[in-house]
Amino acid sequence: LHLNCKAFINMGKGGRANVQSSKSDEGVWKSPYNPLDAKAPKLPSKGEIKAVIPKECFERSYSHSMWFVLRDTAMAAALVYATKSILSTDLPENLLSQEAL
């Protein structure tokens, strides 16, 4: 039994999952970045990313948060109303009639 190394994908804690690799990769986008390559550029840390984001983005605002709550509640209510008005839950009087079919 010959096993191709590319046919296995490492899982956490040393486990292995047998995954069949497809021969044709047409139409499938593959990233050129390989984090296991020794020449791969170093990705920024979480702290470095947060340092670049302006401090105003982390400021909390009660009024701004309540605006989002009201907006989302109104959108959910509108979707419920639209769904209720479009879909009918009424059952026909006789389930075996032509009207039911």
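Biologist: What does the secondary structure come to?

Modeller: Two helices and two strands. From the N terminus on, the order is β-β-α-α.

Biologist: And how confident is the predictor, on average?

Modeller: The mean pLDDT of the protein is 78. A score of at least 70 is reached by 67% of the residues.

Biologist: Which elements have the lowest and the highest mean pLDDT?

Modeller: Strand β1, residues 8-10, has the lowest mean, 48. Helix α2, residues 62-86, has the highest, 95.

Biologist: What about residues 1-10?

Modeller: The pLDDT is below 50 over residues 1-10. Beyond near neighbours in sequence, that stretch has 15 contacts in the model. Where pLDDT is low, predicted coordinates should not be read in detail.

Biologist: Noted. Switching topic: how much of the protein is buried?

Modeller: Buried residues make up 1% of the 101 residues. The protein exposes about 10500 Å². Carbon and sulfur atoms supply 61% of that area.

Biologist: How many salt bridges does a search of the whole structure find?

Modeller: Two. One joins the side chains of Lys42 and Glu48, at 3.8 Å from N to O. In the other, Asp72 pairs with Arg71, with the closest N and O atoms 3.1 Å apart.

Biologist: Why would such side chains pair at all?

Modeller: Side chains of opposite charge can pair when their charged atoms come close.

Biologist: Take Lys42 first. Buried or exposed?

Modeller: Lys42 is exposed, because its relative accessible area is 67% and the cut-off is over 50%.

Biologist: Now the nonpolar side. Which residues make the nonpolar surface patch?

Modeller: Ile49, Ile53 and Phe58 make a patch of about 250 Å².

Biologist: Where is Ile49 found?

Modeller: In helix α1, residues 46-52.

Technical notes. Residues numbered from 1 in each chain as written. Predicted model: local features only at pLDDT ≥ 70, side-chain atom pairs only at ≥ 80, totals over all residues. Heavy atoms only, no water. Helix = DSSP H or I, 4+ residues; strand = E, 2+ residues; numbered from the N terminus. Buried < 20%, exposed > 50% of the residue type's maximum accessible area, 1.4 Å probe, protein only. Areas by Shrake-Rupley, 256 points an atom, 1.4 Å probe, with all protein chains shown as cover. Salt bridge = Lys/Arg side-chain N within 4 Å of Asp/Glu carboxyl O. Patch = residues over 30% accessible without salt bridge, like charges linked within 9 Å, V, L, I, M, F, W, Y side chains within 5 Å. pLDDT = per-residue confidence, 0-100. Contact = heavy atoms within 4.5 Å.
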